[in-house]
Amino acid sequence: MFRAILVEKSESGQSVRVAEVEESALPAGDVLVRVERSTVNYKDALAITGKAPVIRKFPMVPGIDGAGEVVESSHASFRPGDRVLVNGFGVGEAHWGCLAGRARLDGNWLLPIPKAFTPAQAMAIGTAGYTAMLCVMALERHGVAPGKGDVLVTGAAGGVGSVAIALLARLGHRVVASTGRAAEAPYLTALGAAEVIDRATLSTPGKPLQKERWAGVVDSVGSHTLANACAATRYGGTVAACGLAGGMDLPASVAPFILRGVTLAGVDSVMAPMALRREAWERLARDLDPVRLAAMTREIPLAEAIPASADLLAGKVRGRVVVDTTR
Ligand code: NDP
């Protein structure tokens with residue numbers, strides 16, 4: 001038996017609880033993992049609260065991220081005792097996830113935890129942080145280098161935003177953080193933001209072309225924020241779009257793309273190929289300051305993942321939440 005967050009659905013709707021689950025109930029997979037830490041990402045919060053149809057079959061153990069130790073494996077790359085992590089691949093959506101003491105997973109989804117990180121640090125990064133790294137790598141691929149101009153990070157006090165700021169600042173970029181929480185300005189500055197702006201300046205409809213300001217953008221908000229970010233990106237600049245915290249629409253014009261050669265780079269973490277994941281995790285081990293990672297992270301026991309999910313969607317969570325699945 002192990003403890004798990006279990007999301008069930010009945011005629012009266014979706015419900016969630018901490019349940020005792022038999023190991024035999026786990027889905028098929030060639031690696032059994034003793035999960036030590038998981039996280040609460042935006043998508044986990046949607047799954048747990050039922051605010052969006054993230055879960056594709058019920059009952060479901062949520063938790064798109066996990067880190068822990070291999071208990072059993074028939075996969076050629078993993079042996080009992082190996083320290084592994086998983087991000088995405090439908091885990092916690094279509095396949096039972098990691099907000100649990102055990103997970104049985106497909107070995108092709110697993111990566112060794114980089115030596116630089118404990119399971120708790122790997123989950124402090126989690127999908128949010130690994131996605132922030134993918135965004136930074138997308139900017140770099142398109143020539144956004146330190147010294148080329150300001151880089152805007154939207155949703156700044158959230159998980160993706162916090163890690164993106166720490167990474168970009170460490171790499172030598174001048175980072176401008178957009179937040180709706182003015183009180184978090186000292187936190188954002190401590191992570192490395194050179195300037196903090198009010199997200200209200202980006203969240204209402206704006207002109208299709210605006211004063212050129214950003215050399216690059218990491219956007220986790222979408223909607224008008226993304227449209228305005230594109231409209232104020234400098235000639236040849238790049239906007240990495242990964243999120244929809246402000247909306248899934250994109251009320252933009254083609255003007256920035258066809259008149260300024262702006263690139264809109266889409267970033268997906270869920271089905272990202274293994275080679276890209278390996279590169280992202282190697283880069284995180286090199287470029288993310290562990291002190292700043294600790295400053296943006298709070299750890300909670302398993303049962304608290306349920307109220308933390310509601311808090312996250314209410315915009316009350318700062319940075320990253322690690323879940324200790326052993327408590
Ligand atoms: P968080 O909830 O931690 O952060 C989101 C932040 O967005 C909030 O903290 C808030 O920042 C800002 N925000 C929230 N609501 C609004 C709003 N209505 N208008 C403007 N800003 C808003 O989530 P994550 O950082 O984990 O994820 C951010 C987004 O990225 C989500 O949409 C998520 O689904 C997406 N994502 C996508 C991935 C991919 O593979 N493409 C992977 C990971 C995440 P502040 O308070 O500073 O304003």
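Is Pro205 buried or exposed? Pro205 is exposed, with a relative accessible area of 64% (exposed means over 50%, buried under 20%, partly exposed in between, using a 1.4 Å probe and protein chains only). Before going further, a word on the model: it is predicted, so local features need pLDDT of at least 70 and side-chain atom pairs count only at pLDDT 80 or more, while totals for chains, interfaces and linings use all residues. Residues are numbered from 1 along each chain as its sequence is written, and side-chain values use heavy atoms, with hydrogens and water left out.

Back to Pro205, which sits in the loop between E10 and E11. (Strands, E, of at least two residues and helices, H or I, of at least four are DSSP runs numbered from the N terminus.) Setting aside neighbours within four places in sequence, Pro205 is in contact with His224 and Asn228, where contact means heavy atoms within 4.5 Å. Thr225 is 20 residues from Pro205 in sequence, yet their C-alpha atoms are 8.5 Å apart in space.

Now follow that loop into the sheet. Six strands make up an open, parallel sheet in the order E10-E9-E8-E11-E12-E13; two strands pair if DSSP finds at least two bridges between them. E10 (195-198) and E13 (263-266) are at the edges with a single partner strand each, so one side of each has no neighbour in the sheet. On average, neighbouring strands are turned by 20° against each other, direction ignored. Inside the sheet, E8 (150-153) and E11 (214-219) run parallel and are joined by four bridges, and Leu152 has Val217 in E11 as its bridge partner. Helix H3 (159-170) packs on this sheet, touching E8, E9 (175-179) and E11, and its direction makes about 165° with that of E8. Such angles run from 0 to 180 degrees between N-to-C directions, with axes fitted to C-alpha atoms, for helices over the stretch in contact.

Next, have a look at H2. Of its 23 residues, 19 are buried, so H2 is largely enclosed by the rest of the structure. H2 has a kink of about 70° centred on Gly126, the bend being the angle between axes fitted to the seven residues ending there and the seven starting there. Just after H2, Gly143 takes a positive phi of about 90°.

H2 (119-141) also packs against H7 (274-287), at an angle of about 105° and with axes 9 Å apart. The two are therefore roughly perpendicular, a label for 65 to 115 degrees (under 35 is roughly parallel, over 145 roughly antiparallel, the rest oblique). Among the residues that meet here are Gly126 and Tyr130 in H2, and Trp281 and Leu284 in H7.
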